[in-house]
Amino acid sequence: AAASICSEAISMELSRETGAPFSSYSYLRGALWMTETGRSVGEVDLAVVGEGGEVVALCEIKRDPVEVANAFQQHEPKLRAALGDPPGLHLWTADGASRLRLRRRRPSGRSPDDVGEGGGRSAAD
């Protein structure tokens, strides 16, 4: 239930920001950060996927507010590595069957160097 609620909240915000229909977003429960050699180095609770199949947001579901800051510190460097040129990490489906594409820019035109500003709300920007 928490994944569905988080996905809907993120999708509503993205729909408002981008003008894309709410129905154009879906989500995947669980995704894996993997190195080029296929070694798993972490997981993400929820990946929101937009039009074109790109991951547009990442979400960690935590019970304790302190864990939220820890999750951001854990995933922000991985996201930077994944958005690097060349990418140092990739995001895969939880079963490891498909590599996910990350959106490289927010609709507002912010660059990948801006990841983390504004509370890190859209992690795959």
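Reader: Which residues are exposed on the other side of α1?
Author: Ile5, Met12 and Arg16. Exposed means over 50% relative accessible area, buried under 20%, and partly exposed in between, with a 1.4 Å probe and protein chains only. This is a predicted model, where local features need pLDDT of at least 70, side-chain atom pairs count only at pLDDT 80 or more, and totals for chains, interfaces and linings use all residues. Residues are numbered from 1 along each chain as its sequence is written, and side-chain values use heavy atoms, leaving out hydrogens and water.

Reader: And which residues of α1 are buried?
Author: Ala3, Ser7, Ile10, Ser11, Leu14 and Ser15. They lie on the same side of α1 because their arc around the axis is only 140 degrees, taken from the directions from the helix axis to the C-beta atoms.

Reader: What covers them?
Author: The cover includes β1 (26-35), β2 (40-49) and β3 (54-59). Helices (H or I, at least four residues) and strands (E, at least two) are DSSP runs numbered from the N terminus.

Reader: Take Ser11. What does it touch?
Author: Leaving aside residues up to four places away in sequence, Ser11 touches Phe22, Tyr25 and Val48, contact being heavy atoms within 4.5 Å. Its relative accessible area is 2%.

Reader: What follows α1?
Author: Gly19, with a positive phi near 85 degrees.

Reader: Different topic. Which peptide bond is cis?
Author: The one from Asp85 to Pro86, with omega near 0 degrees. Most peptide bonds are trans.

Reader: Where is Pro86?
Author: In the loop between α2 (65-82) and β4 (89-93).
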